[in-house]
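Q: I would like to learn how to read a structure like this one. Can we go through its features in turn?
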Amino acid sequence: MSTGNTSAPAIRYSAVTFDCPDPAELARFYGEALGLPIALSTDDFVLLGQEGSAGLGFNRLAGYRRPTWPDPSQEKQAHLEMGVDDLDAAQARLLALGAVEPAAQPEPDRWRVLLDPAGHPFCISTLV
């Protein structure tokens, strides 16, 4: 591949967007969990983030099907990794905000898997 004298176009990472049945509900959960404000909101899409920083988006999808992790019948597709100082305290806060603790915990002493209100798995770890 030759670039010659042309410069590469500027490409910036701007957001990760999750499909869900209720963007406002999922934005509330992650906004409170991560301390992120709403940057943009419509009936079908909410974007969390600080100006100039990458954000998290939540898109309404008709017929949304929750991931069934660890059962592979409806794969998780992607998940967030969140760094925390104290696993137990962070887990308690996230559960109070609406997360659910699945029975499967691959390495609970190192990280915890939780499910957000739309069923997306995410991990908390002191290693990140």
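A: We can start with a single residue and list what surrounds it. Leaving aside neighbours within four places in sequence, Phe122 is in contact with Phe29, Tyr30, His79, Leu80, Met82, Leu94, Ala99, Arg112, Val113, Leu114, Leu115 and Asp116. Keep in mind that this is a predicted model.

Q: What is the mean pLDDT of the chain, and where is confidence lowest and highest?
A: The mean pLDDT of the chain is 89, and 94% of its residues reach 70 or more. Confidence is lowest in S5, with a mean of 88, and highest in H1, at 97.

Q: Which residues of the largest nonpolar core touch the most other members?
A: That core has 23 residues, and those touching the most other members are Phe29, Tyr30, Phe58, Leu80, Leu94, Phe122 and Ile124.

Q: Which elements give two or more residues to this core?
A: Two helices are on the list, H1 (23-34) and H2 (87-97). The strands on it are S1 (15-20), S3 (45-48), S4 (55-60), S5 (80-83) and S7 (121-125).

Q: How is a pair of aromatic rings described?
A: By the distance of the centres and the angle of the planes. In this structure the count comes to six aromatic pairs. One of them joins Phe18 and Tyr30: the rings are stacked, 6.4 Å centre to centre, with 10° between the planes. This pair links distant parts of the chain, as Phe18 belongs to strand S1 and Tyr30 to helix H1, twelve residues apart.

Q: Are Phe18 and Tyr30 buried or exposed?
A: Buried means under 20% relative accessible area. Phe18 has 7% relative accessibility, so Phe18 counts as buried. Tyr30 has a relative accessible area of 1% and is therefore buried.

Q: How many degrees lie between the planes of Phe18 and Phe58?
A: The angle is 15°, and this aromatic pair is stacked at 6.4 Å centre to centre. The pair again links distant parts of the chain: Phe18 is in strand S1 and Phe58 in strand S4, 40 residues apart. Phe58 counts as buried because its relative accessibility is 0%.

Q: Which residues do ring pairs link into a cluster?
A: The cluster consists of Phe18, Phe29, Tyr30, Phe58 and Phe122.

Q: Now the sheets. What is the order of the three strands in the open sheet?
A: To read a sheet, follow the order of its strands and then the sense of their pairing. The order is S5-S7-S6, and the pairing is mixed. S5 and strand S6 (111-115) each have a single partner strand, so one side of each is left without a neighbour in the sheet. From one strand to the next, the twist averages 25°. S5 and S7 pair in the parallel sense over four bridges. Leu80 has Phe122 in S7 as its bridge partner. H2 packs on this sheet, touching S6 and S7, and its direction makes about 0° with that of S6.

Q: What is the order in the open sheet of four strands?
A: It is S1-S4-S3-S2, again with mixed pairing. S1 and strand S2 (38-41) are the edge strands, each pairing on one side only. The twist here averages 15° from one strand to the next. S2 and S3 run antiparallel and are joined by three bridges. The bridge partner of Leu40 in S3 is Leu47.

Q: Which strands does H1 lie across?
A: H1 lies across S1, S3 and S4, and runs at about 160° to S4.

Terms used:
Residues are numbered from 1 along each chain as its sequence is written. This is a predicted model: local features need pLDDT of at least 70, side-chain atom pairs count only at pLDDT 80 or more; totals for chains, interfaces and linings use all residues. Side-chain values use heavy atoms; hydrogens and water are left out. A nonpolar core is a set of buried Ala, Val, Leu, Ile, Met, Phe, Trp, Tyr and Cys residues joined through side-chain atoms within 4.5 Å. Buried means under 20% relative accessible area, exposed over 50%, partly exposed in between (1.4 Å probe, protein chains only). Contact means heavy atoms within 4.5 Å. Rings of Phe, Tyr and Trp (its six-membered ring) pair if their centres lie within 6.5 Å; planes under 30 degrees apart count as stacked, over 60 as edge-to-face and the rest as tilted. pLDDT is the predictor's confidence in each residue, from 0 to 100. Two strands pair if DSSP finds at least two bridges between them. Axes are lines fitted to C-alpha atoms, for helices over the stretch in contact, and angles run from 0 to 180 degrees between N-to-C directions.
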